[in-house]
Amino acid sequence: MNLIGLNRDALTSILTGMDEKPFRVKQLWHWIYFQGATDFGAMTTLSKTLRAKLSDAGHTLKRPVVVREQNAADRTRKWLLRFDDGTEIETVYIPEDDRGAVCVSTQAGCPNACAFCRTGSMKFRRNLTAGEIVAQFMAARDSYGEWPSPSLEPRYLSNVVVMGMGEPLLNYEATRDALKIITDPEGIALSKRRVTLSTSGVAPVIPRVAEDLDVKLAVSLHAPTDEVRDKIMPINRKYPLKELMAACRKFQDIAGTRNYITMEYVMLDGVNDSEADARELMRLVKGLAVKFNLIPFNEWTGCPFKCSPTGRIVKFSKILENAHYAAPVRVSRGQEIMAACGQLKAAADN
Ligand code: SF4
């Protein structure tokens, strides 16, 4: 069994099954998630007998295979990763000067099929396990050699954004378990404030994110009305805006209004980018503590949409900012290696 992705309880039952004392789990956890060990032989604080027992039982600490690594001129790095059953997904690292975010996938493909998203155009394969989600972050750390978990800033891999392939709230349990491991202070130890989970709007699950995880929430909103949203995001027909906004309110009732929700908004030429759309958007989010993130659409072959002209994006942003909302225009990263927002798709589907 691959031990990556197992929580303390699961590791404890493996150890007790080997007649080992449960307290050993602390040491094992430290080696797996704090030191990033890739084989049991390196775990020098464990007895030789226990190390042998773990490998003799066939346990591993295997990372996914890096099928391809691409680097963009802006230092964005993208990996095509393959799991044991041949399933392939993409993971992206987006660096800033003294920090950076790893964008992890939660599904291979995505059943949501948003009209502007390249992932949505590929066949949905399956949900990823908690281990496969955690392993993406660990593989990224391997790539930069950022082990053991740095206790001081700067950390290059300082943030996680759950914005890669898939809808995390359609694979909630695995996503939750993975984020609990990633934020455990004795392991990978990422601050919860540096984790953002992004959903396309699986309304009934949104409040659970506040209850279980205490991480930041982003909502891929992308339209101010059901009429437009129904057309570009099929999930809206199941959970229309009224339901989605009610779920966001519940999230904030639990998480507090200091926990701003980021409303992601992709700028699509002639679809959702008029002045009237901006005003409708503000009506929609009234009463919620939100900020906007305006994303110039990253075009891809086969997609019918075009990016809004820059002038219109700036005007849209100004309308929101004049009403005291933060509404920065996101700088696109890693476009030439198809690593930008909405561009991920596994090679097997190219
Ligand atoms: S935008 Fe997100 S939810 Fe929509 S198809 Fe793409 S990955 Fe799925």
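## Cysteines

At a relative accessibility of 12%, cysteine 114 counts as buried, because the limit for a buried residue is under 20%. The model described here is a predicted one. Cysteine 103 is likewise buried, its relative accessible area being 8%. When the whole structure is searched for disulfides, zero are found.

## Surroundings of the ligand

Cys114 also belongs to the set of residues that surround the ligand.

## Packing of helices α10 and α11

Two packed helices are described by the angle between their axes and by the distance between those axes. For helix α10, formed by residues 275-284, and helix α11, formed by residues 310-322, the angle is about 30° and the axes are 9 Å apart. The crossing in which α10 passes α11 is right-handed.

On the α10 side, the contact involves Glu275, Asp277, Ala278, Arg279, Leu281 and Met282. These residues meet Lys315, Phe316, Ile319 and Leu320 of α11. The residues of this contact comprise six nonpolar and four charged ones, while no polar residue takes part.

## A cis peptide bond

Tryptophan 147 and proline 148 are joined by a cis peptide bond, for which omega is about -15°. Proline 148 is located in the loop that runs between α4 (130-144) and β7 (159-162).

## Residues with positive phi

Arginine 75, a residue other than glycine, has a positive phi value, near 75°. Arginine 75 lies in the loop between strands β1 (65-71) and β2 (77-82). With a relative accessibility of 46%, arginine 75 counts as partly exposed, because this value falls between the limits of 20% and 50%.

Histidine 222 also has a positive phi, near 65°, and is a residue other than glycine. Its place is in the loop between β9 (216-220) and α7 (226-232). Histidine 222 counts as buried, since its relative accessibility is 5% and the buried class covers values under 20%.

Conventions. Residues are numbered from 1 along each chain as its sequence is written. This is a predicted model: local features need pLDDT of at least 70, side-chain atom pairs count only at pLDDT 80 or more; totals for chains, interfaces and linings use all residues. Side-chain values use heavy atoms; hydrogens and water are left out. Axes are lines fitted to C-alpha atoms, for helices over the stretch in contact, and angles run from 0 to 180 degrees between N-to-C directions. Helices (H or I, at least four residues) and strands (E, at least two) are DSSP runs, numbered from the N terminus. A crossing is left-handed if the near helix is turned anticlockwise from the far one by less than a right angle, and right-handed if clockwise. Contact means heavy atoms within 4.5 Å. Ala, Val, Leu, Ile, Met, Phe, Trp, Tyr, Cys and Pro count as nonpolar, Asp, Glu, Lys and Arg as charged, and the others, Gly among them, as polar. A residue is near a molecule or strand if one of its heavy atoms lies within 4 Å of it. A disulfide is a pair of cysteine sulfur atoms within 2.5 Å. Buried means under 20% relative accessible area, exposed over 50%, partly exposed in between (1.4 Å probe, protein chains only).
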